[in-house]
Amino acid sequence: MSARDRASGLSLYDRTAVAAAASVIRAYSTSFALATGLLSPRTRPHIRNVYALVRVADEIVDGPAGEAGLDRERQQEVLDAFERETRAAVERGFSANLVVHAFALTARECGIGEDLTAPFFASMRTDLGVREHDDLSHDAYVYGSAEVVGLMCLAVFENAGRRSPSAPPAELVTGARALGRAFQDVNFLRDLEHDAGALGRDYLAVDGVERTRDDVLDRIDRDLATAAAAIPLLPSDCRRAVTAAHDLFAALSARLRQASDEGRVRVPTSQKAVLAARAWLGAAPLKERS
């Protein structure tokens, strides 16, 4: 095989891996698929690659692996192997796992290192053992499961297409971490009953006395406000997508305040479309409860 043929083969493999990653976000999240659709071609495939890796890791510990008959020990073995393959793929630039290969392409181009992937996998591993979280363990879990994902996305926004990656400004780091925290806590509140009943987990320790749902929502709204302040500092080809995602979770936060129970709330498709259109037209992120 000639050098040209080998290059063509790798190019095809890269494209196939990126397409596989894109199929994950389409299957699992219409909301994030909508938001990523507002990204520029420079960043869109990379964000999909990050999402796919995170989603597959989450599925190892959150249901499908168990439904396939894996006990906790086997789930940890699979998760550990997935982390090792991710680390190796970033180092060598190739994986036989298409989702991992796609992520490695992004990590190598955008400067996503083990300082971000290791905390992520540590939080995923926590799900196999820890059932009830206090404030300290909640914060550690959310850092690894959500804040570092926000930092991975920020690395993409700042570095995709550059010859060499550089560290983002501190203000953007603060905003990315805050947005990740808000996303995660919203999801915890939406899934409170499912997490407790199906998974036996309590991430928020909401007891109605020392901590109420409104306390959690107040914290979410503070994080959303912090994130909103940072969005105008992002590269221009990322702002609309991040605004749309921010505003969707602001709408979810508002609906959670209005909900009469702890069931899973949703934003209607029509409202999602309005939020996406608003972001596309360049509106500032929502700062008031909607």
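**Close-up views of a predicted model**

A search of the whole structure, which is a predicted model, finds 10 aromatic pairs. Rings of Phe, Tyr and Trp (its six-membered ring) pair if their centres lie within 6.5 Å; planes under 30 degrees apart count as stacked, over 60 as edge-to-face and the rest as tilted.

**View 1. The pair of phenylalanine 32 and tyrosine 51.** The two ring centres are 6.2 Å apart and the planes meet at 45°, so this pair is tilted. Phenylalanine 32 belongs to helix α2 (residues 30–36) and tyrosine 51 to helix α3 (residues 44–61), so the pair ties together parts that are 19 residues apart in sequence. Helices are DSSP runs (H or I, at least four residues), as are strands (E, at least two), numbered from the N terminus. Phenylalanine 32 is partly exposed, at 26% relative accessible area, whereas tyrosine 51, at 15%, is buried. Buried means under 20% relative accessible area, exposed over 50%, and partly exposed in between (1.4 Å probe, protein chains only). Phe32 and Tyr51 form one aromatic cluster with Phe183 and Phe249.

**View 2. Arginine 240 and tryptophan 280.** The charged end of arginine 240 sits over the ring of tryptophan 280, 3.6 Å from the ring centre. The criterion is NZ of Lys or CZ of Arg within 6 Å of the ring centre and within 35 degrees of the ring normal.

**View 3. Alanine 205.** This residue lies in the loop between α10 and α11 (213–230). Alanine 205 has phi near 55°, a positive value in a residue other than glycine.

**Notes.** Residues are numbered from 1 along each chain as its sequence is written, and side-chain values use heavy atoms, without hydrogens and water.

Definitions and conventions: This is a predicted model: local features need pLDDT of at least 70, side-chain atom pairs count only at pLDDT 80 or more; totals for chains, interfaces and linings use all residues.
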